[in-house]
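Please keep the structure open next to them as you read.

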Amino acid sequence: MPSCSKDFLWMKLLHNAWKWHYIKGASSSTRHISLLNSDDLTKLDHGPLHATLPDSYLNTGSVYVHWPYCRQRCSYCNFVKFIPHPNSHWTVENNTLENFIVKELQHNLRHSHISSVHSVFFGGGTPSLARPQMVEKVLKTIQEMCSLEENVEITLEGNPTSLETNKLKDFKAVGVNRVSIGVQALDAASLRLLNRDHSVQEALHCISIAKQLFPGRLSVDLIFGRPNQTTESWERELENMLTVCDNHISLYQLTLERGTKLFHQVQSGADC
């Protein structure tokens, strides 16, 4: 066999050597890649790689919607986001922004294999600052272009300010059934250091309201490794949160990102 044919054969073998296998358990599913042996290669379909994937992998998916605005920038945050100018609303009018989110969603769904959506996540930014109509438009678009599964999980990220707490009921009315609240800290000094726009009292009130509206579907975020935080104070904070939270806490270790206000404070040795 000429060498060029051997090279072609090996390229073909290597191309077909990886195959997706789908393992579905009682409560979760795991996808992994396994290397096939030479006997298995003869059984492979030589069509597109996705032809070997199960229908559920190709047709079912999740949707993430990004709301890029925040009321203010937290001192540790280096995400791309937009802060309105003082005494002004968002830099883009609500209807315009919502309609563009819908158009982008339509484009992505149209060019995907997805026909069924099992989870929708509204992140940011601070999507709880958006209008509930934004969520309503997104869910209507998904229903029109594919379908929402019967037990679909629809999550909204939010901050525990009084304004956003008062909107939780409206978000539930348009379809949100799970919330993730960015408490981040349960002491006033840390909230000031992190430049959060809520108080400890507002956070506790928000958790209480969210538990009533979304029982068993409330997640709370906390940041540890903060400047001047001790092991003892962190333990007390966790104990306090465990007495008021629902069934899920997400713990994040603070990362000092270059370019952030907190990074410069720590680097300069300023009193935190």
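**Notes on the fold, its pockets and a few residues**

1. Let me start at one pair: His66 stands opposite Gly123 in strand β4. His66 belongs to strand β3, which covers residues 60-67, and β4 covers residues 116-124. Strands here are DSSP runs of E with at least two residues, helices are runs of H or I with at least four, and both are numbered from the N terminus.

2. A word on what you are looking at. This is a predicted model, in which local features need pLDDT of at least 70 and side-chain atom pairs count only at pLDDT 80 or more, while totals for chains, interfaces and linings use all residues. Residues are numbered from 1 along each chain as its sequence is written, and side-chain values use heavy atoms, leaving out hydrogens and water.

3. For the overall picture, the protein has ten helices and eight strands. Of its 272 residues, 39% are buried (under 20% relative accessible area with a 1.4 Å probe and protein chains only; exposed is over 50%, partly exposed in between). Among the contacts with a separation of 6 or more, 72% are made by residues 24 or more positions apart; a contact means heavy atoms within 4.5 Å.

4. Six of the strands make an open sheet, in the order β3-β4-β5-β6-β7-β8, with parallel pairing. Two strands count as paired if DSSP finds at least two bridges between them. At the edges are β3 and β8, each pairing on one side only. Direction ignored, neighbouring strands in this sheet are turned by 20° against each other on average.

5. Now follow the sheet in from β3. Eight bridges join β3 to β4, and five join β4 to β5, which also run parallel. One of the places to look is Val117, whose bridge partner in β5 is Leu148. Helix α5 (residues 132-145) lies across β3, β4 and β5, and runs at about 155° to β4. Such angles run from 0 to 180 degrees between the N-to-C directions of lines fitted to C-alpha atoms, for helices over the stretch in contact.

6. Which residues of β3 sit on its covered face, and which on the uncovered one? Gly61, Val63, Val65 and Trp67 are on the covered face, whereas Thr60, Ser62, Tyr64 and His66 are on the uncovered face. In a regular strand the side chains alternate between the two faces of the sheet.

7. Ser119 is worth a click. This residue lies in β4 and counts as buried because its relative accessibility is 17%. Beyond its neighbours within four places in sequence, Ser119 is in contact with Gly61, Ser62, Val63, Val152 and Glu153. The C-alpha atoms of Ser119 and Thr155 are separated by 7.9 Å, although the two residues are 36 apart along the chain.

8. The largest pocket has a volume of about 780 Å³. A pocket is an open set of points on a 1 Å grid over the protein atoms alone, with protein on both sides within 12 Å along at least five of seven lines; a cavity is a set where a 1.4 Å probe fits but cannot get out, and lining residues have an atom within 4 Å of a point. Points are joined across faces, edges and corners, and the volume is the space filled by probe spheres set on them. Of the 36 residues lining the largest pocket, Tyr76, Phe79, Glu157, Gln184 and Asp221 lie nearest its centre. Two or more lining residues come from each of β4, β5 (148-158), β6 (178-184), β7 (218-224) and β8 (248-253). The biggest share, five residues, is given by β6.

9. There are also two cavities of 30 Å³ or more.

10. Finally, some backbone details to check by eye. A cis peptide bond joins Gly124 and Gly125, with omega about 25°, and Gly125 sits in the loop between β4 and α5. Gln184, in β6, has a positive phi near 70° though it is not a glycine; at 9% relative accessible area, Gln184 is buried. Asn195 likewise has a positive phi, near 60°, and lies in the loop between α7 (188-193) and α8 (200-213). With a relative accessible area of 29%, Asn195 is partly exposed.
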